[in-house]
Amino acid sequence: RESDHRAWTPVSYTVTRQNATIQGLIQGKAYFFRIAAENLIGMGPFTETTKEILISDPITVPDRPEDLEVKAVTKNSVTLTWNPPKYNGGSDITGYVLESRLIGKDKFHKVTKEKMLDRKFTVEGLKEGDTYEYRVSACNIVGQGKPSFCTKPITCKDELAPPTLDLDFRDKLIVRVGEAFSLTGRYSGKPAPKVTWLRDDTVLKEDDRIKIKTTPTTLCLGVLKSVREDTGKYCVTVENSTGSRKGFCQVNVVDRPSPPVGPVIFDEVFKDHMVVSWKPPLDDGGSEITNYIIEKKDTHKDLWMPVTSATVKTTCKIPKLLEGREYQIRIYAENLYGISDPLISDEMKAKDRFRVPDAPEQPIIKDVTKDSAVVVWNKPYDGGKPITNYIVEKKETMATRWVKATKDPIFPGTKFKVPDLLEGCEYEFRVSAENEIGVGDPSPPSKPIFARDPIAKPSPPINPEAVDKTKNSVDLTWQPPRHDGNGKIIGYLIEYQKVGDEGWKQANLTADSCPETKYKVTGLTEGLTYKFRVKAVNAAGESDPAHVPDPVEVKDRLEPPELILDANMAREQHVKAGDTLRLSAVIKGVPFPKVTWKKGDHEVSPKADIEITGVGSKLEIRNTVHEDGGMYSLTVENPAGSKTVSVKVVVLDKPGPPRNLKISDVRSDSCYITWMEPEDDGGSVITNYVVERKDVASAQWVAISSSSKKRSHMAKYLMEGTQYLFRVAAENQYGRGPYVETLKPIKAIDPLHPPGPPKNLHHVDVDKTEVSLAWNRPDRDGGAEITGYLVEYQEDGADEWTKFQTVPMLDCVVTGL
């Protein structure tokens, strides 16, 4: 029952245990409880609680505080914050206990002696470089709860934070001249950053117009009464030891433009209009020029008349002028922010002042060839209008009509190469200038010239050298001159000089006797030393001489033979029969060596073609046969020595015929054939044998084996009694060799044996001079039909048997006894 009620309320269930849980109570109310025991007889008396029981949760120590965080660290202090525990244990929090542990130590120590109610605390007096971890516990009326989770180890050192920058301005800012502007923002960082302002990479400093204000968290640049020079890219840099941040703003201080740049140029002047031009303002005021305003004024009047205000070009046509009057022009530039001061021209009279160009001076002709000439002239007065074209004309001196050298325009150059001249003809040239008014008068004609190539002496020959020598001659070679003087090289003059002499002697009298770039100087004296030089000659004359660099001593040159083998002179050369065998080598040596080819120890076959040149030798055998194989040698010999090389030549051919063909084991349906390999395998491995047979009555050979690798074969399926011939050939990769054939036919019959003895010989009748005999057939006939029986008799006591006769039947009468 509730403490303030008198009525008892039964609990809704009966229990058999000695405890019970009472549900449905109201927190904060006080209750009395009673309990009675019951058995089959009935219920006993109640026992009641002695005092009321207040319903409330049981009070425990608080849970762990939450979110313990380090907010700041310096070299001697740490600032921490935390949140209350989720559950206070059923009683209000009375304080917090903060503990720390030096890393490396086991125990935590209280940081404060008294309990704190604030959830933020700064631990001071720490030692720089030490590392701690912290935990915090909550306390209530029951006691101190579990500590929070520890912080990560914290080392005491000044905290570093890279700079941050938050700007209040955009990337671009447009300001009118005379107005003020400011650039502001906020920043942070540890240690406190340094703030620097720049304009176009130049550091800004405070003066009468520029104000810079910086607080620990804000920055500001202010400019009073801005001028055009304040235009630029502004940059603020916030920098400390951990890094830097930059912010940019393009500030454009705008104004009306400066005046257009003069002078005003009168490009065209006519009696009723003019065309003028000018240059844009030096300063467009920071904004693009939108248009120019052009006005005109008759110098006799004070009134300026508008021409146009819509042009954006720096040129303008001034119309509606009165001929003979003088005019002034003034021009304004305009942008979005205003109109500039004007540019005023000089006075100009309205009248025609242009004409065609003057005639050029007499042209000069250069670089004449057989089909072209270069015409050069000076620019004449242009008549007030720019020259746009020159007209070059040509004519033969005896002709009367001038012809244009080209239909294409010639400008701006003052020279032109006239093509398509006829070789040997005499020409003169003239030039006219043209502007937009028209074509001016032509120049006086040039001096006449003949169309032909100029000829000069050639340059000297190149790189003369002595390449060979004997006891009375020297061989010289050289290269043609770089320049032939525009004339054909007729030939070369060769001169020599004995060392010690002063005069040069000619080896050849005329240049055309040496048209090539080599010459053998003969008739020299053995043992003497000579110098040599060569000149090139064309129709204009002789070139300067080119000297052989070093003097040459005249004597036979000895060089031992040298063989440079071609690929076909490898150690072994394989040639297919019927193909051509080629062996060749390059031969060197001075004097040129004697060349000898041999096969083995003998001369090579007469069918071999041997060619010997001044640089090598070649041996060639066409339609090679197997016998052409062997060891070939090439010997070269001169007084300085000799050299020999050898090459084994294998002529690959079909194999020869097999040997010792034999037939054995003849039966009525088969026989056994054997043979030996050919003496000559053709230089290639024998791959198989071909065996064929032929009935003597037939003209056709029949193959009975074409792939046998063995040297024997069983010929089967013969017809009994038929006579056969057999033949065998060998094959390699180059073909089938000749057959070897049996000398006589082989008859297909089983082998024959003598018949057995007749059986049961007995006499049938006896007379005084004759006996009648009879007998039976023998048990075996020996493999052939019995053709008869030989009857013999012997006198009793004698040694020899006497032949009587051969009879075909199984009986006989022996007479003459």
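**A buried serine and the strands around it**

Serine 148 counts as buried because its relative accessibility is 6%, where buried means under 20% relative accessible area, exposed means over 50%, and partly exposed covers what falls in between (1.4 Å probe, protein chains only). The model is a predicted one, in which local features need pLDDT of at least 70 and side-chain atom pairs count only at pLDDT 80 or more, while totals for chains, interfaces and linings use all residues. Residues are numbered from 1 along each chain as its sequence is written, and side-chain values use heavy atoms, with hydrogens and water left out.

Serine 148 sits in the loop between strand S11 (144-147) and strand S12 (154-155); here strands (E, at least two residues) and helices (H or I, at least four) are DSSP runs numbered from the N terminus. Once neighbours within four places in sequence are set aside, serine 148 is in contact with Arg64, Pro65, Leu68, Arg135 and Val136, a contact being heavy atoms within 4.5 Å.

From this loop we turn to the whole chain. The protein has 70 strands and 0 helices. Its radius of gyration is 68 Å, well over the 28 Å that the globule rule gives for 817 residues, so the protein is more spread out than a compact globule; the radius is taken over C-alpha atoms, and the rule is 2.2 Å times the number of residues to the power 0.38. Along the principal axes, the C-alpha trace spans about 185 × 165 × 70 Å. Of the 817 residues, 36% count as buried, and among contacts with a separation of 6 or more, 62% come from residues 24 or more positions apart.

The protein exposes about 50200 Å², of which carbon and sulfur atoms supply 50%; these areas come from the Shrake-Rupley method with a 1.4 Å probe, and for residues only the protein chains shown count as cover. As for charge, the mean positions of the 113 positive and 119 negative charges lie 7 Å apart, with Lys and Arg counted as positive, Asp and Glu as negative, and His and the chain ends not counted. Each charge is placed at NZ of Lys, CZ of Arg, CG of Asp or CD of Glu.

In soluble globular proteins, nonpolar side chains tend to be buried together. In this model the largest nonpolar core has 20 residues, and those with the most contacts inside it are Leu583, Trp597, Leu619, Tyr632 and Leu634. At least two residues of this core come from each of strand S50 (581-590), strand S51 (594-599), strand S54 (616-621), strand S55 (630-638) and strand S56 (641-652). A nonpolar core is a set of buried Ala, Val, Leu, Ile, Met, Phe, Trp, Tyr and Cys residues joined through side-chain atoms within 4.5 Å. Beyond four places in sequence, leucine 619 touches several residues, among them Leu581, Leu583, Trp597, Val604, Ile610 and Tyr632.

Lysine 607 belongs to the loop between strand S52 (602-603) and strand S53 (609-612), and its relative accessible area of 36% makes it partly exposed. Apart from residues up to four places away in sequence, its contacts are Glu620, Ile621, Arg622, Asn623, Thr624, Val625 and Asp628.

Proline 754 is in the loop between strand S65 (746-747) and strand S66 (759-766) and is exposed, with a relative accessible area of 65%. Isoleucine 174, found in strand S14 (residues 172-176), is also exposed, at 56%, and beyond four places in sequence it is in contact with Asn252, Val254 and Tyr337.

The backbone deserves a last look. Most residues other than glycine have a negative phi, and most peptide bonds are trans. The bond from phenylalanine 411 to proline 412 is cis with omega near 5°, and proline 412 is in the loop between strand S34 (403-404) and strand S35 (415-418). Phi is positive at aspartate 367, near 50°, and at tyrosine 717, near 60°. Aspartate 367 is exposed, with a relative accessible area of 59%, and tyrosine 717 counts as exposed at 70%.
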